[in-house]
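These are my notes from going through one chain. I began with the fold and then went on to the packing.

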Amino acid sequence: MAVNTFVKDCDDPNPLIRALAVRTMGCIRVDKITEYLCEPLRKCLKDEDPYVRKTAAVSVAKLHDINATLVEEQGFLDSLRELLGDSNPMVVANAVAALTEINESSSTGKPLIEMDTATINKLLTALNECTEWGQIFILDNLSSFNPKDDREAQSICERITPRLAHANAAVVLSAVKVLMKYMEMMGKDTDFVTGISKKLSPPLVTLLSSEPEVQYVALRNINLIIQKR
C-alpha cells in the first residue's frame with residue numbers, strides 16, 4: 001500500500017514530491033519492490049525538472065545495488081549515459097557519480113562511460129557549475145582519459161587548473177591527480193608543463209597546514225613533482 005502511494009507521488013505536480021518519492025523508493029532495500037520502481041524511475045529520468053532527474057540518477061545506482069540484472073535489462077544504464085549530455089550540470093554530475101559507483105561494483109570491470117572527446121567536453125562544461133562532490137567524480141573520470149595529442153591534453157589542463165584554487169582539499173587533490181597524469185604524457189621539457197608545475201606548488205604547500213592525512217597526500221605529490229623535474 002505504501003509503495004502504491006510512492007508510485008502515485010511520482011506523478012505529483014510538485015517536482016519536490018516527485019523527487020522525494022523516487023528517492024524513498026530507491027532506499028527501500030527490498031527486492032520485491034524493485035519491479036514497482038522501474039516505471040516511475042524511467043519517467044523521473046526524463047522528467048522536465050532537473051532536480052527530479054538528478055535524484056533519479058542516484059536512485060539507479062541504489063537499484064543496481066539491489067538488483068543489477070534488472071537495471072541492465074530495463075536499459076537504465078543507457079538512460080544514465082544519455083544524462084551525461086544533460087543541460088543541467090548537477091544532473092550530469094549525478095549521472096557520472098551513479099555510473100562510477102555501478103562500474104565499481106560491476107563484475108565485468110568494463111568502463112560504463114565512453115571517455116571520448118564529446119563526453120570530455122560535456123564533463124568539463126559541467127565541472128564549473130556542479131557541487132564539490134560532483135567535481136570530484138568528474139575529475140576522477142577525467143584522470144582515466146588519454147588525450148589523443150598534446151594539444152588536447154593542454155586544453156583539458158587549462159580548464160582544470162582553476163580547480164587548484166578550490167577551498168575543498170579533495171577537489172584540489174583530484175585536480176592535481178589529473179594534471180600530474182597529463183603532464184607525464186606531454187613530457188617535462190615543454191614550457192606549458194613547466195608553467196603547470198609552478199601552478200601546482202602553491203595549493204600543495206597550502207594543504208600542508210591541513211589534517212595529517214591530507215598533508216601526507218600533498219607531500220607525496222610534491223615528491224613526485226620534484227622527481228619529474
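The model is a predicted one. On that count I get 13 helices and zero strands for the chain.

**Entry 1: overall figures.** I took the box along the principal axes, and the C-alpha atoms fill roughly 65 × 35 × 35 Å. The chain has 229 residues, and 45% of them count as buried. I then looked at contacts with a separation of 6 or more, and 61% of these join residues 24 or more positions apart.

**Entry 2: the core.** How many residues does the largest nonpolar core have? I find 74, and L41, I138, L142, I160 and L200 are those with the most contacts inside it. Helix α11, residues 169-186, gives the largest share of this core with eleven residues. As background, I note that nonpolar side chains tend to be buried together in soluble globular proteins. I looked up I160 next, leaving aside its neighbours within four places in sequence. Its contacts are L124, L139, L142, A175, V178 and L179.

**Entry 3: helix α6.** Which residues of helix α6 (residues 76-83) are buried? I list F76, L77, S79, L80 and L83. Seen down the axis of α6, the buried residues fall within an arc of 160 degrees, so they line one face of the helix. I then checked what these buried residues pack against, and found α3 (34-45), α4 (50-66), α5 (68-73) and α7 (89-105).

**Entry 4: I120.** I placed I120 in helix α8, which covers residues 117-127. Is I120 buried or exposed? The cut-off for buried is under 20% relative accessible area. I120 has a relative accessible area of 2%, so I120 is buried. Leaving aside neighbours within four places in sequence, I find I120 in contact with M115, L142, F145 and I156. L142 is also among the contacts I listed for I160. I took one distance as well: I120 and K148 are 28 residues apart in sequence, and their C-alpha atoms are 12 Å apart in space.

Notes. Residues are numbered from 1 along each chain as its sequence is written. This is a predicted model: local features need pLDDT of at least 70, side-chain atom pairs count only at pLDDT 80 or more; totals for chains, interfaces and linings use all residues. Side-chain values use heavy atoms; hydrogens and water are left out. A nonpolar core is a set of buried Ala, Val, Leu, Ile, Met, Phe, Trp, Tyr and Cys residues joined through side-chain atoms within 4.5 Å. Buried means under 20% relative accessible area, exposed over 50%, partly exposed in between (1.4 Å probe, protein chains only). Helices (H or I, at least four residues) and strands (E, at least two) are DSSP runs, numbered from the N terminus. Contact means heavy atoms within 4.5 Å. The arc is that of the directions from the helix axis to the C-beta atoms.
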